[in-house]
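Hello,

Have it open beside you as you read.

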Amino acid sequence: MSGRQLPFDLPSRRAMGAADYVTSTSNAAALALIDAWPNWPGPVLAVHGPTGCGKTHLAHVFQEKSGALFLSAPTSLPELPAAPRLILDEPQLDETAFFHLLNRMKNEGGALLILSREAPARWPVKLPDLASRLKALPTVEVAAPDDALLAAILVKHFADRQINVAPEVIDYLLRQIERSFAAAADIADRLDRAALAEGRAITVPLVKRVLG
């Protein structure tokens with residue numbers, strides 16, 4: 001650990017670009033559709049999967065490619081440009097406004113990427129026309145990270161911090177942490193700080209203490 005410095009309480013930057021997106025069988029289909037834009041089956045694509053599976057990172061990849069804007073809720077439609085390119089991440093829906101947004105995308109074009117935990121066809125909406133429209137949307141699922149993807153994410157987080165960790169450390173972490181991108185980022189940060197504070201390498205005993 002020579003040359004390492006004492007830890008400072010600086011915010012870590014989450015790399016969200018296409019070059020930082022790690023692929024595996026759990027997310028390859030979703031990434032292929034994002035890469036296929038603007039040649040989508042229609043103007044709207046819904047990506048669904050559990051919390052922490054990387055949907056938001058995928059949206060940033062789409063934003064980098066398309067210039068899309070993140071929209072928290074479809075309530076300010078008159079202010080949107082013609083043929084808008086939008087991202088709705090876990091939208092809190094006004095059903096009527098959302099139905100009008102889908103109609104606008106169908107009539108004007110543009111692009112709308114929807115991110116959610118459940119597929120839109122399973123959303124508990126009350127407006128019959130909206131329910132019908134949601135069932136017809138093209139959708140793709142992102143599964144929770146598999147071992148290969150989570151291991152690659154962990155290695156990347158440590159490499160971004162210029163830390164080399166032994167394979168047995170990665171193997172141990174895979175058995176202990178929550179299977180999500182957020183958990184991988186959090187444990188890499190915690191281990192980096194602990195290793196800096198103690199002036200030692202990241203080993204399995206250090207991991208056990210930090211997790212304990």
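Leaving out residues up to four places away in sequence, Ala 83 touches Glu 108, Gly 109 and Gly 110. Please keep in mind that this is a predicted model. Ala 83 sits in the loop between strand E2 (69-70) and strand E3 (85-89). Its C-alpha atom and that of Gly 109 are separated by 5.0 Å, although the two residues are 26 apart along the chain. Is Ala 83 buried or exposed, or something in between? At 34% relative accessibility Ala 83 counts as partly exposed, because that value falls between the limits of 20% and 50%.

Now for the chain as a whole. The chain has eight helices and five strands, and along the sequence they follow the pattern α-β-α-β-β-α-β-α-β-α-α-α-α. Of the 212 residues, 44% are buried. If you take contacts between residues at least 6 apart in sequence, 71% of them join residues at least 24 apart.

The strands come next. In what order do the five strands stand in the sheet? The sheet is open, its order is E2-E3-E4-E1-E5, and the pairing is parallel. E2 and E5 are at the edges with a single partner strand each, so one side of each has no neighbour in the sheet.

Helix H3 (residues 95-108) lies across E1, E3 and E4 and runs at about 140° to E4.

Here is how some of the strands are joined:

- E3 and E4 run parallel and are joined by five bridges; in this pair, Leu 88 has Ile 114 of E4 as its bridge partner.
- E1 (residues 44-48) pairs with strand E4 (residues 111-116) in the parallel sense, over five bridges; here the bridge partner of Val 44 is Leu 112 in E4.
- E1 also runs parallel to strand E5 (residues 139-141), with three bridges between them; Ala 46 stands opposite Thr 139 in E5.

How many of its five residues are buried? Five of the five are, so the strand is mostly covered, with under 20% relative accessible area as the limit for buried. In a regular strand, side chains alternate between the two faces of the sheet. In E1, Val 44, Ala 46 and His 48 are on one side and Leu 45 and Val 47 on the other. Both faces are covered, as these residues are all buried.

His 48 counts as buried because its relative accessibility is 13%, under the 20% limit. Which residues surround it, apart from neighbours within four places in sequence? His 48 is in contact with Lys 55, Ser 116, Arg 117, Glu 118, Ala 119, Thr 139, Val 140, Glu 141 and Val 142.

Finally, two pairs of helices.

H3 and helix H4 (residues 128-135) pack at about 50°, with their axes 10 Å apart. H3 and H4 are therefore oblique to each other, and their crossing is left-handed. On the H3 side the contact involves Glu 95, Phe 98, Phe 99, Leu 102, Asn 103 and Lys 106, which meet Asp 129, Leu 130, Arg 133 and Leu 134 in H4. By class, these residues divide into five nonpolar, one polar and four charged.

Helix H5 (residues 147-160) and helix H6 (residues 167-176) pack at an angle of about 125°, again with axes 10 Å apart. H5 and H6 are therefore oblique as well, and their crossing is right-handed. The contact is made by Asp 147, Leu 150, Ala 151, Leu 154, Val 155 and Phe 158 of H5, together with Ile 170, Leu 173 and Leu 174 of H6. What kinds of residue make up this contact? Eight are nonpolar, none is polar and one is charged.

Best wishes

Terms used
Residues are numbered from 1 along each chain as its sequence is written. This is a predicted model: local features need pLDDT of at least 70, side-chain atom pairs count only at pLDDT 80 or more; totals for chains, interfaces and linings use all residues. Side-chain values use heavy atoms; hydrogens and water are left out. Axes are lines fitted to C-alpha atoms, for helices over the stretch in contact, and angles run from 0 to 180 degrees between N-to-C directions. Helices (H or I, at least four residues) and strands (E, at least two) are DSSP runs, numbered from the N terminus. Angles under 35 degrees count as roughly parallel, over 145 as roughly antiparallel, 65 to 115 as roughly perpendicular and the rest as oblique. A crossing is left-handed if the near helix is turned anticlockwise from the far one by less than a right angle, and right-handed if clockwise. Contact means heavy atoms within 4.5 Å. Ala, Val, Leu, Ile, Met, Phe, Trp, Tyr, Cys and Pro count as nonpolar, Asp, Glu, Lys and Arg as charged, and the others, Gly among them, as polar. Buried means under 20% relative accessible area, exposed over 50%, partly exposed in between (1.4 Å probe, protein chains only). Two strands pair if DSSP finds at least two bridges between them.
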